[in-house]
Amino acid sequence: MNVKPLIDFISQSPAQTALAGEHLGVACKGGEVVWLSGELGAGKTVFAQGMARGLGVEAPVNSPTFTVLKEYRGRLRFYHFDFYRLAGQARDVWAEFSEYRASDAVCVVEWGEHGQEFLGEEYLKVSIRHISATKRAIQLPARGALYADVSRRFQSVAFRA
Ligand SMILES: Nc1ncnc2c1ncn2[C@@H]1O[C@H](COP(=O)(O)OP(=O)(O)O)[C@@H](O)[C@H]1O
Ligand SMILES: [Mg+2]
């Protein structure tokens, strides 16, 4: 399937990337799976921290690289996964991924490409590409009707006049 990028912009700073994440958090209604894609240091965790803020999570959000999954609660439940070290025992935990998908939860997955089979058919992919020390190209192509809707709400939050 050819996925057309719906949203495409340049972030000039970590704060802008976090703000974009915050807007996406505000746009989420629950049930979303967000796949954060990009190389090490691209800004996936920065984006996820912004999403947490947009979802009203007050606890500090750190990279879940070494802990498989971190759970938070805000306006919705917020599950922050990192598939980077998807191997061995951890794989059993990831295999339960579908149980975390719930109508009152948002699942955010860094390195989703390391376990794409767990993500299902529908997800919102956020691609972050390093351009320079402080610049990142961010794209949000949507898969599925739910995400087209989230993307539209994101655009109205992020780009309103
Ligand atoms: N425009 C930007 N957006 C996001 N992060 C940026 C940007 N410019 C510089 N950075 C820096 O890049 C790093 C991104 O780290 P992190 O979010 O942990 O990456 P990842 O989770 O993708 O490995 C941080 O040190 C951040 O300060
Ligand atoms: Mg990270």
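The crossing of α1 and α2 is right-handed, a crossing being right-handed if the near helix is turned clockwise from the far one by less than a right angle, and left-handed if anticlockwise. The model is predicted: local features need pLDDT of at least 70, side-chain atom pairs count only at pLDDT 80 or more, and totals for chains, interfaces and linings use all residues. Residues are numbered from 1 along each chain as its sequence is written, while chains are lettered from A and ligands numbered from 1 in the order in which they are written. Helices (H or I, at least four residues) and strands (E, at least two) are DSSP runs, numbered from the N terminus.

The angle between α1 and α2 is about 45°, and their axes lie 6 Å apart; axes are lines fitted to C-alpha atoms, for helices over the stretch in contact, and angles run from 0 to 180 degrees between N-to-C directions. The two helices, α1 and α2, are therefore oblique to each other (angles under 35 degrees count as roughly parallel, over 145 as roughly antiparallel, 65 to 115 as roughly perpendicular and the rest as oblique). Residues in this contact include Thr 17, Ala 20 and Leu 24 of α1 and Val 46, Phe 47 and Met 51 of α2, where contact requires C-beta atoms, placed from the backbone, within 7 Å. The contact of α1 with α2 comprises eleven nonpolar, seven polar and two charged residues; Ala, Val, Leu, Ile, Met, Phe, Trp, Tyr, Cys and Pro count as nonpolar, Asp, Glu, Lys and Arg as charged, and the others, Gly among them, as polar.

Helix α1 also packs with α6 (residues 145-158), at an angle of about 125° and with the axes 8 Å apart. This crossing of α1 and α6 is right-handed. On α1 the contact involves Ala 20, His 23, Leu 24, Val 26 and Ala 27, and on α6 Val 150, Arg 153, Phe 154, Val 157 and Ala 158. Eight of the residues in the contact of α1 with α6 are nonpolar, one is polar and one is charged.

Both α1 (14-27) and α2 (44-54) supply at least two residues each to the shell around ligand 1. Of the 18 residues around ligand 1, those that come nearest are Thr 17, Gly 43, Lys 44, Thr 45 and Val 46, a residue being near if its C-beta atom, placed from the backbone, lies within 6 Å. The shell around ligand 1 holds four nonpolar, ten polar and four charged residues.

Technical notes
Two residues are in contact if their C-beta atoms, placed from the backbone, lie within 7 Å.
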